[in-house]
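Thanks for asking me to look this over. My comments are below, as numbered points you can check against the coordinates.

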Amino acid sequence: MSAYGGYSTTSYGAAGGDDGGGFVWGSQGGSQSAVKPINDESLRPVTIKQIIDAEPAYAGDAAFRIDGLDVKQVTIVGMVRAINPQTTNITYKIDDGTGVIEVKQWLDADKSADAAAPAFAEEEYVRVWGRLKSFSNKRHVGAHVIKPVRDFNEVNYHLLEAAYVHLFFTRGGPPADGGAGAGGAGAADHGGDSMFVDGGNDARYKSYSAKARKMYDYLQRDDNPTEGVHTQVIARDAGMTIQDVTAAAEELLSHGTIYTTMDDETFAILDR
């Protein structure tokens, strides 16, 4: 695929480029549509933090820049934290563990209220395909399509896919000879730029309470599964009380360091 120089479509259909989800070229063309560079309208898998940190491409322009490239069409995967139906649209608050953003889906006046009702509820995971927008200096995603996630593997898959594309643009594609990427050995230093929650782990770690540090250190161990560890197991293995684990979890969740997995009492570290 030409859009990402080797980045190709997958079974989840989140890829951009020539065959990415049907939102690549913006099909309102006709004789008035001008030819645009393919990257300008390619669908890009991102984390919400990348959207929050994106820089405006040009003054007064609706485009944003992520990893130095213009991005307009994005796909995100996250949990629905709130649903706010209005006369002309439904506003969702989506949380993917790296940040929270509003997603607006405009309603079709010709459809009945039942047909326009979302096929998912709060606290469920969804995938959003849409366009980055800003109104009154507040960013949101104007949704083309929102679909519930039926397979939880898609949540982890999306983060891996977003990481792959981020690394492709910041460090270069996979090397043919197994050596350093196109960005070279020095490409690892990006001035603190990160697609996930703030990269300043050391400074942030120092601000944690003793309970939070203890839980964080426990979850950092290599033998902890990516599907998460239950509160009772953390308390038993780390020598903490249930109350201490609960307080530590709330602190780490507020920093975006950990996220819930199987249920509200099972946690995994985000930036392992």
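1. **Basis.** This is a predicted model, in which local features need pLDDT of at least 70, side-chain atom pairs count only at pLDDT 80 or more, and totals for chains, interfaces and linings use all residues. Residues are numbered from 1 along each chain as its sequence is written, and side-chain values use heavy atoms, with hydrogens and water left out.

2. **Helix α6.** Helix α6 spans residues 210-220, and its buried residues are A212, M215, Y216, Y218 and L219. Because these residues cover an arc of only 160° around the axis, they lie on the same side of α6. The arc is taken from the directions running from the helix axis to the C-beta atoms. "Buried" stands for under 20% relative accessible area, "exposed" for over 50%, and "partly exposed" for what lies in between (1.4 Å probe, protein chains only).

3. **A212.** Within helix α6, A212 has a relative accessible area of 0% and is therefore buried. What does A212 contact beyond its neighbours within four places in sequence? The partners are A248, E251 and L252, where contact means heavy atoms within 4.5 Å. A212 and E251 are 39 residues apart in sequence, yet 6.7 Å apart in space, C-alpha to C-alpha.

4. **The open sheet.** Three strands form an open sheet in the order β2-β3-β4, with antiparallel pairing. The edge strands are β2 (55-56) and β4 (69-71), each of which pairs on one side only. Two strands count as paired if DSSP finds at least two bridges between them; β3 (residues 64-66) and β4 have three bridges, in the antiparallel sense. If you want a place to look, R65 stands opposite D70 in β4.

5. **R127.** Where does R127 sit? R127 belongs to strand β8 (residues 125-135). With a relative accessible area of 1%, R127 is buried. The R127 side chain makes a polar contact with the side chain of H158 at 3.4 Å. A polar contact is a pair of N or O atoms within 3.5 Å; within protein, one must be able to donate a hydrogen and the other to accept it, and residues adjacent in sequence count only if both atoms are side-chain atoms.

6. **T260.** T260 is in strand β11 (residues 258-260) and is buried, with a relative accessible area of 15%. Not counting residues up to four places away in sequence, T260 touches Y125, L253, T266 and F267.

Conventions. Helices (H or I, at least four residues) and strands (E, at least two) are DSSP runs, numbered from the N terminus.
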